[in-house]
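Thank you all for coming; please have the sequence and the picture open while I talk.

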Amino acid sequence: MTRLLNVKIPPQMIKTPIFDAEVQQFLCGRLWQFDDLPFLQDILRYHITQKFIAIMPGIQQGHKPFCRRCHNTKKQQFHHFTCERCKGSCLYCLQCLQLGRISCCTMLAKWCLAPPVSRHHPKMSWQGQLTAQQQQVSIDVLSSMMKGRNHLVHAVTGAGKTEILFPVIAQALIENWRICIATPRTDVVIELVPRIQQAFTTIEVQALYAGQKKSKKYAQIVIATTHQLYRFEEAFDLIIVDEVDAFPYSKDHYLQHAVNKSCSRVGRLLLLTATPTIQQIASFKKKAAYSFLSRRFHGVALPVPKIQPLWNYERKIRQNIIPKKLIIWIEKCLAIKAPFLLFFSSIDLMLAAEKRLSQQIPQIASVYADDPKRHEKVRKLRQKKYSGLLTTTILERGITIANLQVAVVGAEHAVFTTATLIQISGRVGRSKQFSIGEVVFFHHGITTKMTSCQRIIKKTNKMGYTV
Ligand SMILES: [Zn+2]
Ligand SMILES: [Zn+2]
C-alpha cells in the first residue's frame, strides 16, 4: 500500500493516493527541472495540487544565493543574465550548468510519496567463483553494509572488484534497497551496464550519462557518472563509487557532495579504488571499514614497470623523428602480435608522433578525451583492427584488452602522478590467458613518482603473493 512518507497513520485511516505510476517511476528520488518533465501539464498539475509532487525554485535567494540542485553557495559561481522567461535580470548557477541551466525562475520538482515497490524477485544469474581473498573482502563489505557503515575497498588493478560487488548487490536487492553505481568515467558506465544486467536479469538496470536516451522507468539499479547525481536527492540506499580517486570526482567537492546528497538518510557508501590516498586508508581503517584486495584474480603478480631513458624525445618528435628505442619497442609488440598503448602527456605531442609513426607502422590511431570516435577506436584495438593506439591519460583506467603492452612516452611529465602510473601499469596482464606483459616508462629524467610507482607495485606484489 502506498502512503505518505514519514507520517504514521492508523491503517483504517489510510486512503490509497491515486497517482500516475509513470510519474512516480520517473520522478522518485530525482530532483528534476519542472519544464523538462516528460508528462502532460494537466497530469503534473493534478499531482502538484494533491501534494504528490513538490516544486521549488532552482535558486533560493537570501543574503547568499543557493542552488537547490548542486548546493552551490559560492557567489562567484552564479552569473546574471537577461532572462527571456522572467523578462529581467536573472541569476543562474555555473556549477551544474552542464546538466542544463538552473536559474531563479527555474522550478525543480520532487516526488513526495513512497518509491515504487519492486515486483521482480531478485535473482543472481552470475555463477562465477570468487577467489578466497575476493570472498573475504565481499564478506567484510556485506558486514559494513548491514551495519549501515561506509566502506573502502582498495583493490589492485585487475583484482576483479566488479565480481566482489555481485554478492553485495544480491543482498542489497533482497533488502529491497535502491542501488547506484557511480563512476567519474562514462567509459566505465558503458562497460559496467551489460555486466551488471547479465548478472541480475530480472532487475531494471539503467545507465545515466551525458547524451544517453532517457528512460521513464524506475530502476532499482542505476549506473551513472557522478555528475548525474546532481539530479538525485535521498534516492539510494547503497551508492558504490567506483574509481573514487579519478578526476574530476577526486578534486571536486561538489561532486562528492552530490554523491552524499543522493544517499538516503540511512544509506551507505562503498568506495572502490586501486589507488587510495594514505588519508583515506587511515580514516577507513580506524572505523574497521577498510579491505585490501592485494592479489589479481588469476593469481599472477602485477607487472613491475621498467624505467628507460629516452633523451630529448620531445625535441626529436617535434622535428618529425621517432626515437630509435621507441621504434624498437613498437616492433617488438608487432612481432609478438600484441596490441599496444603509447601514453603521451599532451595532445599536440601525441599528434606529432602519430603523424610520423603512421608512415612507418601499419594501423595505428590516436585518442583523447573529446575524440568523438574514442569508443570505436578502443573497440578496433580490441578487435585487432589497430595494432596500437596513441593516447593521453584518458585511457589510464577502465580499459581491459587481452595481451596489451604499455609504454609511457615522457613519464617525467607532471600529468603522470604516482596514481596515474599505477593505473597505466595496471592495464597489462589482466586476462587469465595473458597474465604477464610489459610496461615501460620512457623518460627524459627519472622522477620520484616513477620510482614510487615501482616501489608500491613491488610492495603490493610481496603482500599479495607471499601469504
Ligand atoms: Zn547548481
Ligand atoms: Zn529568469
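This is a predicted model: local features need pLDDT of at least 70, side-chain atom pairs count only at pLDDT 80 or more; totals for chains, interfaces and linings use all residues.

Residues are numbered from 1 along each chain as its sequence is written, chains are lettered from A and ligands numbered from 1 in the order in which they are written, and side-chain values use heavy atoms, with hydrogens and water left out.

Let me stay with ligand 2, where the zinc ion is coordinated by Cys83 (SG), Cys86 (SG), Cys90 (SG) and Cys105 (SG), at 2.2 to 2.5 Å. A donor here is an N, O or S atom within 2.8 Å of the metal (3.2 Å for Na, K and Ca), and since water is not among the atoms, sites may look incomplete. Along the sequence, these donor residues follow the spacing C-x2-C-x3-C-x14-C. Cysteine 83 counts as buried because its relative accessibility is 6%, whereas cysteine 86, at 35%, is partly exposed; buried means under 20% relative accessible area, exposed means over 50%, and partly exposed is in between (1.4 Å probe, protein chains only).

Now look at lysine 64, which sits in the loop between strand E3 (59-61) and strand E4 (65-67); helices (H or I, at least four residues) and strands (E, at least two) are DSSP runs, numbered from the N terminus. Lysine 64 is partly exposed, because its relative accessibility is 45%. Its C-alpha atom is separated by 8.1 Å from that of lysine 74, ten residues apart along the chain.

Next comes helix H11 (residues 374-382), whose buried residues are Arg374, Lys377, Val378 and Leu381. They cover an arc of only 100° around the axis, so they are on the same side of H11, the arc being that of the directions from the helix axis to the C-beta atoms. These buried residues pack against helix H5 (186-199), strand E16 (340-344), strand E17 (364-367) and strand E18 (388-391). After H11 comes lysine 384, whose phi is positive, near 65°.

In the loop between E17 and H11 you will find tyrosine 368, which is partly exposed, with a relative accessible area of 25%. Which residues does tyrosine 368 contact, leaving aside its neighbours within four places in sequence? The residues are Ile347, Met350, Arg374, Thr392 and Ile394, where contact means heavy atoms within 4.5 Å.

Asparagine 320, between helix H8 (313-318) and helix H9 (324-335), has a positive phi of about 70° although it is not a glycine. Glutamine 363, in the loop between helix H10 (347-360) and E17, has a positive phi of about 50° and is likewise not a glycine.

Finally, let us step back to the whole chain, whose secondary structure comes to 13 helices and 20 strands. Its radius of gyration is 25 Å, close to the 23 Å that the globule rule gives for 467 residues, so the chain is as compact as a globular protein of that length; this radius is taken over C-alpha atoms, and the rule is 2.2 Å times the number of residues to the power 0.38. Of the 467 residues, 53% count as buried.
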